[in-house]
2 protein chains.
Amino acid sequence: MRSHYCGELSEDHLEQSVTLCGWVNRRRDHGGVIFIDLRDREGLIQLVFDPEYSPESFRHAEQIRSEYVLQVKGRVQHRPEGTENPDLKTGQVEVLGQELILLNASETPPFPVDEKLEVGEDIRLRYRYIDLRRPESLQRLRLRSAIIRQLRKFLDERGFLDIDTPILTQSTPEGARDFLVPSRTHPGQFFALPQSPQLFKQLLMVAGVDRYYQVVRCFRDEDLRADRQPEFTQLDIEASFLHEEALMALMEEMFKELFATVLETPLHTPFIRMPYAEALACFGLDKPDLRIPLRLVEVGDLMKTVDFKVFAQPAQNRDGRVAALRLPGGGKLSRKEIEDYTQFVAIYGAKGLAYIKVIERSRGREGLQSPILKFLPDEVIGAMLERIGAENGDIVFFGADKASIVNESLGALRVKLGHDHGLVEHGWSPLWIIDFPMFEWNEDDDRWHALHHPFTAPKEEDLSLLEQNPGACRSRAYDLVLNGTEVGGGSIRISQAQVQSQVFRLLGIGDEEAQDKFGFLLDALKYGCPPHGGIAFGLDRLVMLMTGSASIREVIPFPKTQTAACPLTGAPGQVAEAQLRELGIGVRRPPSDKT
Amino acid sequence: MRSHYCGELSEDHLEQSVTLCGWVNRRRDHGGVIFIDLRDREGLIQLVFDPEYSPESFRHAEQIRSEYVLQVKGRVQHRPEGTENPDLKTGQVEVLGQELILLNASETPPFPVDEKLEVGEDIRLRYRYIDLRRPESLQRLRLRSAIIRQLRKFLDERGFLDIDTPILTQSTPEGARDFLVPSRTHPGQFFALPQSPQLFKQLLMVAGVDRYYQVVRCFRDEDLRADRQPEFTQLDIEASFLHEEALMALMEEMFKELFATVLETPLHTPFIRMPYAEALACFGLDKPDLRIPLRLVEVGDLMKTVDFKVFAQPAQNRDGRVAALRLPGGGKLSRKEIEDYTQFVAIYGAKGLAYIKVIERSRGREGLQSPILKFLPDEVIGAMLERIGAENGDIVFFGADKASIVNESLGALRVKLGHDHGLVEHGWSPLWIIDFPMFEWNEDDDRWHALHHPFTAPKEEDLSLLEQNPGACRSRAYDLVLNGTEVGGGSIRISQAQVQSQVFRLLGIGDEEAQDKFGFLLDALKYGCPPHGGIAFGLDRLVMLMTGSASIREVIPFPKTQTAACPLTGAPGQVAEAQLRELGIGVRRPPSDKT
């Protein structure tokens with residue numbers, strides 16, 4: 001029905017007869033002729049309908065309104081001198097309309113396509129098919145498609161087999177967040193939607209597939225934070241007979257090629273590798289944004305004996321921490337600004353935000369300004385400022401509390417200060433976090449939790465610590481962080497049945513439960529399991545970063561809202577009682593709803 | 001950890017030091033040395049451990065059993081003359097082992113990997129990771145991966161955008177077969193898993209995406225027949241501004257390229273196009289296997305006035321049919337064989353299977369053998385045999401009943417006869433079925449049903465029949481049939497809101513229900529919907545055909561059984577009461593289970 005896309009016409013097509021299809025972006029009547037900007041996926045072209053040239057198509061053009069769907073035949077010509085539009089790819093030419101067929105009319109859309117008008121997200125999602133007509137929205141989906149294509153290409157070329165795994169599967173112990181699906185053939189029993197294909201990809205390694213990947217939908221029924229969705233897309237990778245260094249190097253190559261092809265941006269390899277402990281010490285969190293040139297500095301050793309309990313107690317305490325964060329030029333912060341930052345760190349549990357402004361460091365105590373000066377002896381102040389590298393005009397913030405609170409609050413404050421004060425460097429900052437602990441002690445339920453997942457292998461040299469000191473045992477896990485966002489995580493997996501059982505026991509999963517839930521994995525490990533490992537990338541988040549979008553909802557074709565609903569289709573919805581009966585389930589009435 | 005795959009070694013690698021990883025396929029002790037066939041994804045290689053060459057690795061090799069996982073360093077050498085194995089890709093060479101590292105041991109597997117032993121499907125699925133070690137099983141997955149890769153490549157190159165659509169979505173009117181997912185954030189409400197992304201891909205066309213494809217998981221909770229699965233994979237395609245001929249031609253090109261690249265087999269284009277009515281008339285069904293050179297022949301007009309009610313009544317009746325099916329050389333069928341075929345057609349509702357054996361046609365009635373001869377006058381017999389083209393030695397079967405019963409029973413009989421008597425030609429026989437009716441009258445609920453789905457457009461020239469004679473209205477649908485299996489189906493869609501509403505009403509979907517279930521589609525059609533259409537292919541079935549597999553379960557990485565269960569993970573399973581409570585649902589006890 002068309003000979004060309006609207007957006008591809010140029011001076012190369014002068015004098016050619018073309019047939020175009022598309023949407024009316026805008027109509028203008030001017031000087032007795034009608035101008036229509038016709039839009040398709042590839043761009044805009046100006047059509048001209050002249051009553052003297054083609055009276056019939058002119059008459060049709062008079063009926064046309066925004067978002068009507070047209071088929072137009074015409075001839076490509078130069079725009080008259082002085083009317084070229086350099087902002088438009090096709091701006092040198094126009095099409096003189098010979099024939100106009102109205103393919104479909106349109107009511108006035110709920111919001112205009114051709115204007116940059118800000119529209120509420122709810123209405124945009126409800127009319128997602130109008131929203132996607134905006135070139136920038138469509139462009140995001142095109143980039144998503146290009147990114148996934150390039151990733152597949154890279155992996156295909158390296159012998160990774162694209163293998164699909166079930167969506168209807170078994171519930172897992174992290175099952176509280178599983179979506180469930182009642183089975184009609186087995187009433188009272190349920191499938192679960194996978195949070196990841198972790199166990200299936202491990203079984204594929206036991207099967208000898210050797211190199212696997214999949215672009216796969218995963219599901220997690222959790223309270224939705226700003227950038228979570230109940231269903232999300234993962235690039236899932238697993239390989240046998242390789243060590244973590246080989247896998248990380250391969251992934252770096254993959255990212256390098258991805259950024260070179262899709263964004264035409266070089267990435268420098270190898271990426272920085274940073275131990276988890278260092279990330280916490282210097283940045284307070286395990287996904288540091290290295291584009292922000294601020295660092296946490298340890299000062300606990302200086303504070304152990306000061307008279308200021310707020311500092312001295314955490315400094316003396318084994319799980320305490322006292323750290324400083326210097327903001328160059330921050331001396332000019334107002335009382336109000338400091339107050340706002342104090343409230344900000346309170347979100348993370350910090351009970352206050354001590355600070356020192358450095359007016360003129362050479363004058364010692366006299367050259368500083370701070371409510372806590374009086375508590376600190378001269379030599380402590382001196383040594384501290386020396387270590388922090390404080391300069392005149394700086395402000396230094398302090399965190400002093402349980403280490404986890406200091407890390408989270410100063411880690412977040414560091415990022416906020418970086419953005420508030422324009423300190424974030426341009427460009428891409430990928431890094432690997434390595435040497436994670438296997439386990440974290442959870443005080444809520446008084447037991448060890450896996451920092452990654454229960455199938456992560458411990459480091460060979462830490463194997464004996466599994467028994468002696470689980471908290472000190474490091475894993476063979478690695479996370480990929482990009483500009484302060486975790487975009488991927490993986491590990492070398494446990495390939496020995498007895499190590500797997502040992503880890504289950506440490507995590508409080510008894511032998512019976514392990515057999516019940518993971519019997520098939522424990523079996524598989526006994527029948528010749530190769531050493532293997534892999535990684536999974538959150539594609540939505542990666543595309544969000546690469547397209548510079550504000551939210552993953554911008555890069556998902558049909559996203560759900562924060563309450564996990566779809567304003568477009570109205571899902572979730574009511575279903576017929578008969579259908580539930582057939583599935584062997586019923587809806588409970590909430591107590592307040594009893595009638 | 002490896003320098004080469006086992007299966008890739010050849011005389012090109014002679015004298016090279018290699019490091020291999022893999023599974024012990026078999027160990028043999030012979031002449032004081034140990035031979036191990038080591039297996040990986042790419043094939044087998046013979047390892048030799050010689051106590052004189054490397055005593056240590058020989059000692060290790062003595063401990064090795066089948067399916068142990070090894071890393072081996074050694075040198076590639078020619079096999080001694082006379083010991084080459086021409087059946088093996090690597091059969092000219094072997095690797096003299098210098099170092100053997102046991103990476104993992106293996107218990108005796110539940111069935112042997114290296115033998116062609118037939119193993120029950122249930123045990124194969126339960127230990128799918130062992131089953132997949134069999135080269136032919138893995139080969140099927142590799143071909144699946146290659147087929148999908150090639151299809152993507154073709155579509156990528158033609159500007160189709162790979163766009164993903166939601167898995168958690170709204171229930172549809174065919175909803176009785178939807179899998180449901182209770183929502184935790186909206187207790188008492190449910191998502192449904194999609195039977196296809198039909199409406200989303202249409203919305204993408206309204207959005208101006210222009211060309212879309214997706215390899216997508218779909219779900220249908222139905223009683224599982226031999227080759228159905230609760231979840232299956234579809235290649236889903238949609239495009240705007242093109243007619244059915246353009247779409248079919250593009251798909252032919254896609255199949256041509258697919259068969260050329262993956263199977264190295266030419267397909268001839270254009271594919272045959274056959275109207276639905278012709279398919280029923282000549283083959284009794286809408287997915288004829290043209291490799292079988294048998295055809296149904298209409299004989300009803302000859303039977304209208306015969307004295308034989310069994311034939312005369314269907315011949316006179318408007319929905320009746322009398323048809324003949326000739327099996328060349330079938331005159332030698334035994335009474336028992338004919339009896340078996342009679343029972344076979346009874347499955348499809350046929351009350352009997354009349355036949356005539358043609359012994360010597362020139363002798364007229366005397367040269368025939370049949371229980372029904374006595375009912376038929378000479379001139380009818382003569383005209384009929386003439387039309388059928390009966391030759392000496394043939395048998396002619398008859399179907400006489402409601403047309404639907406005749407079609408189904410003789411259609412199935414035709415296929416069975418083709419297979420039983422070796423009449424199926426080799427090769428690939430793709431064809432399009434076109435000119436489908438829009439609607440079928442369903443006697444069970446006394447209303448029209450859509451032959452395809454409610455979004456299929458009627459033919460322009462039949463538009464007026466929508467009101468006057470819905471049963472005669474043909475649609476713009478097309479099915480692709482390959483060797484008697486429907487591998488794809490699609491249509492040009494309705495792009496006018498009022499036509500869509502009219503079709504909904506015809507299907508008994510009231511305006512209110514239509515608004516409730518499809519309001520978003522009806523809305524979308526009003527805001528500038530382009531003419532569009534598409535198709536969806538059942539990938540599992542296509543891969544099954546292309547790999548010559550007996551069932552789609554052979555080509556799905558982790559299939560479910562006929563009762564929709566997974567013997568590997570045990571899904572579906574019980575879930576905790578607390579979890580159900582959180583989802584606002586409960587399990588109903590079956591009445592028999594009350595305690």
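Which residues of H14(B) are buried? In this predicted model, Ala497(B), Val499(B), Gln500(B), Gln502(B), Val503(B), Phe504(B) and Leu506(B) are the buried residues of H14(B), where buried means under 20% relative accessible area, exposed means over 50% and partly exposed lies in between, with a 1.4 Å probe and protein chains only. Because seven of the ten residues of this helix, which runs over residues 497–506 of chain B, are buried, the helix is largely enclosed by the rest of the structure. Helices here are DSSP runs of H or I with at least four residues, and strands are runs of E with at least two, numbered from the N terminus. The cover over the buried residues of H14(B) includes strand S18 (439–442), strand S19 (447–450), helix H13 (465–468) and helix H15 (511–526) of chain B. After H14(B) comes Gly508(B), with a positive phi near 80°.

Some conventions apply throughout. Residues are numbered from 1 along each chain as its sequence is written, while chains are lettered from A and ligands numbered from 1 in the order in which they are written. Because the model is predicted, local features need pLDDT of at least 70 and side-chain atom pairs count only at pLDDT 80 or more, whereas totals for chains, interfaces and linings use all residues, and side-chain values use heavy atoms, with hydrogens and water left out.

The predictor gives the complex an ipTM of 0.94 and a pTM of 0.95. For chain A the average pLDDT, which is the predictor's confidence in each residue from 0 to 100, is 94, and 98% of the residues score at least 70. The secondary structure of chain A comprises 17 helices and 23 strands, and its C-alpha trace spans about 95 × 75 × 65 Å along the principal axes. Of its 595 residues, 57% count as buried. Among the contacts in chain A with a separation of 6 or more, 67% come from residues 24 or more positions apart, a contact being heavy atoms within 4.5 Å.

Nine of its nine residues are buried, so H5(A) is largely enclosed by the rest of the structure. The buried residues of H5(A), among them Phe200(A), Lys201(A) and Met205(A), pack against elements of both chains: strand S9 (211–219), strand S10 (231–240), helix H15 (511–526) and strand S22 (532–538) of chain A, together with strand S1 (17–30) and helix H3 (128–131) of chain B. Just after H5(A), Gly208(A) has a positive phi of about 90°.

Thr342(A) belongs to helix H10 (residues 335–346) of chain A, and a polar atom of its side chain lies 2.7 Å from the backbone oxygen of Ile338(A). Beyond its neighbours within four places in sequence, Thr342(A) is in contact with Gly352(A) and Leu353(A).

In chain B, Ser54(B) sits in the loop between strand S3 (43–49) and helix H1 (55–62), and it counts as buried because its relative accessibility is 9%. The side chain of Ser54(B) reaches the backbone oxygen of Gln98(B) at 3.2 Å.

His243(B), in the loop between strand S10 (231–240) and helix H6 (244–263) of chain B, is partly exposed, with a relative accessible area of 43%. Not counting residues up to four places away in sequence, His243(B) touches Met1(A), Arg476(B) and Ile492(B).

Notes:
A polar contact is a pair of N or O atoms within 3.5 Å; within protein, one must be able to donate a hydrogen and the other to accept it, and residues adjacent in sequence count only if both atoms are side-chain atoms.
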